[in-house]
Amino acid sequence: MVLAAGRSERFGSPKPLIRWGDGSLVEHQVRTLAALDEVAEVVVVTGHRAGDVRAALDGLPARTLHNPDYAQGRATSVACAAQALPEGCDGILLVSVDQPLHAGALADLMAAWRDAPGDIVRPLFEGRHGHPVIFPGDLRAELAAVDDATEGPRAVVRRHADRLRDAPTTHPHVLLNLNTRAAYDAARAAFGLQR
């Protein structure tokens, strides 16, 4: 599930719609996920500028889901998406739209998840934890009940710390987080992306 509902206040413009690669960032996220054999469905949670985000995804293999409570915090989007996922799904890959995915890093993450599908799997690059995170399907109901007052998905991770597994990767992309315009510019420069 791709969280693309926020107002991007610190950034200054809607992050799902900023340029990344050959299109918008939300397009990049969906295309990267859809290329994975393990991904049965991509759900994009919309909120702020929902119509523009849906338009950016026209023709792409993703289901959009509007979160009417998006202004109340990120956890409302996690809960919204988790509630819409089918019971019995094997795993839930939680992706923030402003954390650009990389195919190689995802391959490392998926390999670790296939080895331990009952664990919460997160990438590890040079001793630092990154994103995205895969939750086992049996935690869907807990994700569907998260709220920001109790730190959202982090609370689920804490409750199941004994099931937490690191997936080492050689790809620094797992540390990217485009919270600000400066972070975006630095990431584009570091990875050779043109404006």
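Where is asparagine 67 found? Asparagine 67 sits in the loop between strand S5 (63-66) and helix H3 (74-84); helices (H or I, at least four residues) and strands (E, at least two) are DSSP runs, numbered from the N terminus. The model is a predicted one, so local features need pLDDT of at least 70 and side-chain atom pairs count only at pLDDT 80 or more, while totals for chains, interfaces and linings use all residues. Residues are numbered from 1 along each chain as its sequence is written, and side-chain values use heavy atoms, with hydrogens and water left out.

Asparagine 67 is buried, at a relative accessible area of 2%; buried means under 20% relative accessible area, exposed over 50%, and partly exposed in between (1.4 Å probe, protein chains only). Its side chain makes a polar contact with the side chain of serine 77 (3.0 Å). A polar contact here is a pair of N or O atoms within 3.5 Å; within protein, one must be able to donate a hydrogen and the other to accept it, and residues adjacent in sequence count only if both atoms are side-chain atoms. Setting aside neighbours within four places in sequence, asparagine 67 touches Val45, Thr46, Gly47, Thr76, Ser77 and Cys80, where contact means heavy atoms within 4.5 Å.

Strand S6 (residues 91-96) is mostly covered, with five of its six residues buried. S6 pairs with strand S1 (residues 2-4) in the parallel sense over two bridges, and valine 2 stands opposite valine 95 of S6. Two strands count as paired if DSSP finds at least two bridges between them.

Then there is helix H4 (residues 103-115), whose 13 residues reach 18 Å from first C-alpha to last, close to the 18 Å expected at 1.5 Å a residue; the expected span is 1.5 Å times one less than the number of residues. Buried in H4 are Ala105, Leu106, Leu109, Met110, Ala112 and Trp113. These cover an arc of only 160° around the axis, which puts them on the same side of H4; the arc is that of the directions from the helix axis to the C-beta atoms. The face turned away from that buried side carries the exposed Ala103 and Asp115. The buried residues of H4 pack against helix H1 (25-34), S6, strand S7 (120-125), S9 and strand S10 (164-168).

Leucine 36, in the loop between H1 and strand S4 (43-46), is buried too, at 15% relative accessible area. Beyond its neighbours within four places in sequence, leucine 36 is in contact with Leu106 and Met110.
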